[in-house]
Amino acid sequence: MTDSLIKHTASTTAVMIGFTIVGTLLLASTFFATRTPIAASERAAKLKLFEQVLPASLHDNDLLNDGAKITAGGDLGNRDETLAYRAKLAGQVSAVVLEATAPDGYSGDIKLLVAIRADGELAGVRVLAHKETPGLGDYIDIGRSDWIKKNFDGQSLAKTSDEGWHVKKDGGQFDYMAGATITPRAVVKAVHKALKYFSEHREEIFSAPVAKEAT
Amino acid sequence: MSQEYKEIIENGLWKQNPGVVQFLGLCPTLAVTTSVVNGFSLGLATAAVMALSNASVSPIRRWVPNEIRIAVFILIIAALVTVIDLGMHAYLQALHAVLGIFIPLIVTNCIVLARVEAFAAKNDTVPSALDGLMMGLGLAIVLAVLGGMREVVGKGTLFSGIDLALGPAAKQFVVTVVPDYHGFLLAVLPPGAFIGLALLIAGKNWLESRRAAKAGLEPPQPAAMAHSH
C-alpha cells in the first residue's frame, strides 16, 4: 500500500517536472529569440513619439542614448526614476524631452511627454497614457483633438505668468471643454511643473552624465 | 468532409458558440469590444491559443495522470500565451500597445481550459485542433460583431484603428458610417457591452426559434445561464 503510494507520487511528480522543464525551455528560447526585435520595436515606437514633440531639425544625436537621470521624488514629482532625453545639435543641447506624470487626473495618472527647447519654450506636449473617460476627458489625446497642440506649442514661463497657468475656469488662459475640467487642469498643472523643473535644473540636466535606461 | 468535422465546425461557430451560447470568456468579450479591430484581434489571438493548446494537449493526454491534469494544462496554455504575447510585442508593436494587458489574460479565459478539458483531453489531435480553432473563431466573430455595434453607435465609425494591425496604408479602410457624429458615450462604456451582448444573444435565440417554428418543431431551449466568467 505504502509502496504503491510512493510509486504513484514519484511518477506523478516526474511527469509534472517533465512538463515544467519543457515549458520553461520553450519560454526561455522564445524570450531570447524575441528580445532583440522587442527592444528594436520599442525603440522605434519611442522615437516615433519623440518625433511628434521634437522637430527633427532640433537634433542630430542619438536621442535615446542620451538620457540624464531624474531621481524619484524630486521637484518634478515623479514617483519612479525617469530619464530626461537631451536633443543636441553639434554637441550643444537644443532641447530636452521629459516624461511627466499628472497624478490628479479624473481617473488615475496621466502620463505626458514634454519637449522643452533650450530657451525654455515648449516644443510640444503629448499624452502617453491616460484613463480619462472616453468621449469626455480624452480630448487631451492628440488622436481625439488638437487641444494639446493648440494650447501648449510655443508656451513658456516667460510668455505666461504663474497665474496664467490654469484653465480659463480657474482664471488662467488655457482652454477646456465643459463637462471635463479636472482632466485639462491636471495636464496644465503637470506641464507647468515640468517647465519650472526645467528652468530650475537646466544646467544640471544639460551636464549630467549619460544614464542607462531605467528598466 | 466527415460528419464529425462538420459537427465540430457547427458547434464552434453557432450551436455551442462560446460568446453567445456558452457564455465563457465574457471578461474579454465585454472589455475589449469597443471597436471591430480590437475585438477581432483579441478574438484571433484567443483562437490561435485555443487551436494550439488543444493540439498540444491531445497527443499527450494519455501520459498525464488525472490528478495533475489541470496543472499541466494550465502550464501548457500559459506557455503558449506567453509565446504569442512575446511574438506580438516583437512584430506587432502598435497592436500590442492597445491589446497588451489583455493578451496575458487569455490564460485566465476559461473558454481555453474548458475546451482543453472537455474536448482535447478526450479526442484525437486533428479534431481537437479544429475544435479549438472553431470555438476561437466563433468567439472572434462575436467579439467583432459586438465591437462593430458599439463602434458604430458609440463613435460613428467602423474599422478605426485598423492601421494598428495592418500598417499605416490600411488607414483608408476606416469607414465613417455617420459623418459628423458626436458619439454616444454609453455604447463605448461598459454598459454598452452588456446591452450589445444581450441584443446578440436575443438575436441568436430569435433566429433559432424562427427556424424551429418553420420546421414545425418545438423551439429549442434557450441557453442556460449556468456558468459565466
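Axes here are lines fitted to C-alpha atoms, for helices over the stretch in contact, with angles running from 0 to 180 degrees between N-to-C directions. The views come from a predicted model, where local features need pLDDT of at least 70, side-chain atom pairs count only at pLDDT 80 or more, and totals for chains, interfaces and linings use all residues. Residues are numbered from 1 along each chain as its sequence is written, while chains are lettered from A and ligands numbered from 1 in the order in which they are written.

**View 1. Helix H1 (residues 2-53) of chain A packs with H4(B) at an angle of about 10°.** Their axes are 8 Å apart. On the H1(A) side, look for residues including A:Met16, A:Phe19, A:Leu27 and A:Ile38; H4(B) brings, among them, B:Val72, B:Leu75, B:Val83 and B:Tyr91. The tally for this helix pair is 16 nonpolar, eight polar and no charged. Here Ala, Val, Leu, Ile, Met, Phe, Trp, Tyr, Cys and Pro count as nonpolar, Asp, Glu, Lys and Arg as charged, and the others, Gly among them, as polar. Helices (H or I, at least four residues) and strands (E, at least two) are DSSP runs, numbered from the N terminus.

**View 2. Chain B meets chain A with 21 residues, against 17 residues from chain A.** Being in contact takes C-beta atoms, placed from the backbone, within 7 Å. On the chain B side, helix H4 (69-91) and helix H9 (185-188) are the elements that give two or more residues. H4(B) gives the most, with 12 residues. By class, the chain B side splits into 15 nonpolar, five polar and one charged.

**View 3. Chain A is assigned domain 1 (1-53) and domain 2 (56-207).** Those bounds come from an automatic or database domain assignment. The two centres, taken over C-alpha atoms, are separated by 38 Å. Eight residues of domain 1 are in contact with 10 residues of domain 2. The domain 1 side of that contact has four nonpolar, one polar and three charged residues.

**View 4. Five strands of chain A make an open, antiparallel sheet in the order S1-S2-S3-S4-S5.** Strands pair if DSSP finds at least two bridges between them. S1 and strand S5 (122-129) stand at the edges with a single partner strand each, so one side of each is left without a neighbour in the sheet. Neighbouring strands are turned by 25° against each other on average, direction ignored. H1(A) packs on this sheet, touching S3, S4 and S5, and its direction makes about 140° with that of S5(A). Helix H3 (residues 182-207) of chain A lies across S1, S2, S3, S4 and S5, at about 145° to S3(A).

View 5. S1(A) is joined to strand S2 (residues 82-89) by four bridges, with A:Lys69 opposite A:Leu83. Five bridges link S2(A) to S3(A), and A:Lys88 has A:Val93 as its bridge partner. In their hairpin, with two residues between the strands, A:Ala90 takes a positive phi near 50°. Between strand S3 (residues 92-105) and strand S4 (residues 108-117) there are nine bridges; A:Thr101 partners A:Lys111, and A:Val97 partners A:Ala115.

Methods
Contact = placed C-beta atoms within 7 Å.
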